[in-house]
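Subject: The model for you to look at

Hello,

Here is the structure I promised to send over. Please open it alongside this note, and you can follow each point on screen.

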Amino acid sequence: MSQRNVMTQRQFPDPEERARIIARRNQLSRELIEYIVTRSPNEQEARTQLNPIVREYGFDEVYRMLQKISPRLNAAKDPDEDEQQLYAEYVDLYRRFGGEHPFFSPDEFLRLNHKRAMLLARPMLQNQPLSPDEQRRLDELSDVLLSESYLWDDLVPEHPPKRLPSIPTVTNTAKDRKVRRNEPCPCGSGRKYKHCHGRD
């Protein structure tokens, strides 16, 4: 076995361990969202609220998850802007992990993402369990859309597609609007504007 293969095995957890880490991170993200929503305006009280979570999951995991979910909680208010941001994230993930997955246009991505959201909403908002077929469909959609990457993006090796598709250009309305420094760059790189074309 080559040294590279040994390093890869050491660097990334096996599927069973990965599933355990992802389930734990999923629980952590829920607890942090609840903390953010109910956070006391008093700094000392807010720290007291956060301490049990840090003790349970460790500082590094809590910090990593806060960095991942905070931008999602401050999503764009404009639906078009929000959709562009979601698609830019998908394009960036596809460049890193797309492999043999199909690449979706903005319309296809938003249509499939809507179907996934509707399936997710059933058990979460309506307390209706999914049938085995619906759960299988949800898992398929999550896989092809590279969803919830904040739970797994450091646990699997990057697997870019052999040939990158041509990335759709940004609409004229988005080009005409002034892009704020901390927004995703309109070029679709997935990076913040200030770290991408905002440096030009």
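Before the findings, a word on how to read them. This is a predicted model, in which local features need pLDDT of at least 70 and side-chain atom pairs count only at pLDDT 80 or more, while totals for chains, interfaces and linings use all residues. Residues are numbered from 1 along each chain as its sequence is written, and side-chain values use heavy atoms, with hydrogens and water left out.

**The overall picture**

The protein chain has eight helices and zero strands. Helices here are DSSP runs of H or I with at least four residues, strands are runs of E with at least two, and the numbering starts from the N terminus. Of the 200 residues in the chain, 30% count as buried. By buried I mean under 20% relative accessible area; exposed is over 50%, and partly exposed lies in between (1.4 Å probe, protein chains only). Taking contacts between residues at least 6 apart in sequence, 60% join residues at least 24 apart; a contact means heavy atoms within 4.5 Å.

**Helix α5 and its partner α6**

Helix α5 covers residues 79-97. Its 19 residues reach 26 Å from the first C-alpha to the last, close to the 27 Å expected at 1.5 Å a residue. That expected span is 1.5 Å times one less than the number of residues. The buried residues of α5 are E81, Q85, Y87, A88, Y90, V91, L93, Y94 and F97, and what covers them includes α6 and α7. After α5 comes G99, with a positive phi near 50 degrees.

How do α5 and α6 pack, and at what angle? The angle is about 100 degrees, and their axes are 10 Å apart. The axes are lines fitted to C-alpha atoms, for helices over the stretch in contact, and angles run from 0 to 180 degrees between N-to-C directions. The two helices are therefore roughly perpendicular to each other. For the wording, under 35 degrees counts as roughly parallel, over 145 as roughly antiparallel, 65 to 115 as roughly perpendicular, and the rest as oblique.

On the α5 side, E83, L86, Y87 and Y90 meet P106, F109, L110 and N113 of α6. The residues of this contact divide into six nonpolar, one polar and one charged.

Helix α7 (residues 132-144) has 13 residues and spans 18 Å from first C-alpha to last, close to the 18 Å expected. Its buried residues are L138, L141 and S142. Seen down the axis of α7, these fall within an arc of 100 degrees, so they line one face of the helix. The arc is that of the directions from the helix axis to the C-beta atoms. As a reminder, an α-helix has 3.6 residues a turn, so residues three or four places apart point the same way. The buried residues of α7 pack against α6 (106-125), whereas the face turned away from the buried side carries the exposed residues P132 and D133.

L146 has a positive phi of about 55 degrees although it is not a glycine, and it is buried, at 6% relative accessible area. E148 also is not a glycine, yet its phi is positive at about 50 degrees; E148 is partly exposed, at 31%. S147 is buried at 13% and touches R116, L141, S142 and W152, not counting residues up to four places away in sequence.

R64 sits in helix α4 (residues 59-73) and counts as buried, at 14% relative accessibility. Leaving aside neighbours within four places in sequence, R64 is in contact with R25, Y150, D153 and D154.

V54 belongs to helix α3 (residues 43-57) and is partly exposed, at 24%. V54 is in contact with F59 and V62, again leaving aside neighbours within four places in sequence. V54 and L28 are 26 residues apart in sequence and 9.8 Å apart in space, C-alpha to C-alpha.

Note on methods. Nonpolar A, V, L, I, M, F, W, Y, C, P; charged D, E, K, R; others polar.
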